[in-house]
Amino acid sequence: MAQDPSDYLERRRLRTGAAGWVLLAGLGVSYVISGDYSGWNFGLAQGGFGGLLIAGVVIAGMYFAMVLGMAELSSALPAAGGGYTFARRALGPWGGFATGTAILIEYAIAPAAIATFIGAYVESLGLFGITDGWWVYLAAYLLFIGIHIAGVGEALKVMFVITAIAVLGLLIFAVAAVPLFDTANLVDIAPTAAAGASPFLPFGYLGIWSAVPFAIWFFLALEGVPLAAEEARDPERNVPRGIVAAMLVLLVTGALVLVLATGALGAQALSESGNPLVEALGGSTAGVVVNYVGLAGLVASFFSIIYAYSRQTFALSRAGYLPRVLSVTNGRKAPTLALIVPGAIGFLLSLTGQGDVLLNMAVFGAALSYVLMMVSHIVLRRTAPEMPRPYRTPGGVVTTGFALVVAVLAVIATFLVDPVAAGATLGAFALFMLYFAFYSRHHLVAAAPDEEFAALAQAEAELT
């Protein structure tokens, strides 16, 4: 007996109207802010200060261009699938699933990397003899998945408070680091024999490219803001405003920590640190404060990316691309299994304790999704010029074309840093695509919002 489509969707309904643009901007900052507290500094070991600085400028340009493109797409197609929704409309089921899978890989692995950084910050606090270990990671996953299961309104408000504390911590760090700043510390890595090597670029020109994945950590997961579209008030207006506002905040915070932390401690020492901002301030009172607040920053990103992976899993499952049981929501309109299953996978990955390796794997998924999303923007500008767009990207396809080129270079850069980790992530992506090829593409749900977008577009094309 065929299932009633209305009943199917009723059991897979999110809570609407839970967030305005301020909460959405806070969500965007919270996705990323852990990248200011830890992870980016490993890029100093790849490119030195100069290489990471140049990579950071290029990547900031890519993200700003990409955010402007996504603002247009999210205003035109406000659904919980985010990038998957955009690609499904532009590139068909194969392109949609490929984009959704790349995003899901990013969001499932990024919390695992952040969990290892949380462990390092917890251990440095020295409270009650707590040490970095698997049980710290497990406690983080259990606590924050539990809050999300309680419902999105509560989760976003808690996230916003934690994020505000984390931003305050960065301001405290900046004030305390200024007196410690020494320009000689920026270039204290000895130049190698690489082409173009100098004190500013100790690993030469290739070091700039190798630093790209770590520069991405300053902005990684910002593209997740459109995943909240179905739960936002007036999403056509508020999602674009939220994502652009978040980008502007992150440009400032990223620049502050890159220059001040490196100048305070030195590029060589900072390149190996699990809690770089704390070590940059030494044993000062400000360092202790930043240690506590830094933990809040890591928690903010960990907390919010759990939200992101659950919504991406929910959207793919609701449309039949992943097992449909993953999109069933509870009485609080939270997708329970979409929160738990990717979380369990992330926890298992965190047990490796290799935060830098996990970071590179997450960046591979992110950069691949950026390529596909920018292609989607360009395709929709060409094939659907009449589609309502409450917000339009300044510069149009030139803007997103620039982001596309840099994203392709970023995918390649993950293989420069760690070809084994990037290759393993590519293998996982291939397995998802095989699952789609042999099973799920034959079991899609026509009544799902993303499939309806595509069906309506096809019908309109046939009429014209």
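Here is a short walk through this predicted model, one selection at a time.

Start with Glu 72 and show its side chain. Glu 72 is buried, at a relative accessible area of 1%.

Keep Glu 72 on screen and select Arg 389. Here is another salt bridge to Glu 72, with the closest N and O atoms 2.8 Å apart. Arg 389 belongs to the loop between H16 and helix H17 (397–417), so its link to Glu 72 in H4 joins parts 317 residues apart in sequence. Is Arg 389 buried or exposed? Its relative accessibility is 10%, so with the cut-off for buried at under 20%, Arg 389 counts as buried. Show the three side chains together and you have a salt-bridge network of Glu 72, Arg 381 and Arg 389.

Next, switch to cartoon and pick helices H5 (residues 83–125) and H14 (residues 285–318). Their axes come within 8 Å and cross at roughly 155°, which makes H5 roughly antiparallel to H14. The crossing is left-handed.

Now jump to Ala 221, in the loop between helix H10 (212–216) and helix H11 (235–265). Check its backbone: phi is positive, about 90°, though this residue is not a glycine. Ala 221 is also buried, with a relative accessible area of 0%.

Finish on the surface. Select Val 325, Leu 337, Ile 340, Val 341 and Ile 345, a nonpolar patch with about 370 Å² of accessible area together. Among them, Val 341 is in helix H15 (residues 336–350) and is partly exposed, at 34% relative accessible area.

Note on methods
Residues numbered from 1 in each chain as written. Predicted model: local features only at pLDDT ≥ 70, side-chain atom pairs only at ≥ 80, totals over all residues. Heavy atoms only, no water. Patch = residues over 30% accessible without salt bridge, like charges linked within 9 Å, V, L, I, M, F, W, Y side chains within 5 Å. Areas by Shrake-Rupley, 256 points an atom, 1.4 Å probe, with all protein chains shown as cover. Salt bridge = Lys/Arg side-chain N within 4 Å of Asp/Glu carboxyl O. Helix = DSSP H or I, 4+ residues; strand = E, 2+ residues; numbered from the N terminus. Buried < 20%, exposed > 50% of the residue type's maximum accessible area, 1.4 Å probe, protein only. Axes fitted to C-alpha atoms, helices over the stretch in contact; angles between N-to-C directions. Parallel < 35°, antiparallel > 145°, perpendicular 65-115°, else oblique. Left-handed = near helix turned anticlockwise from the far one by under 90°.
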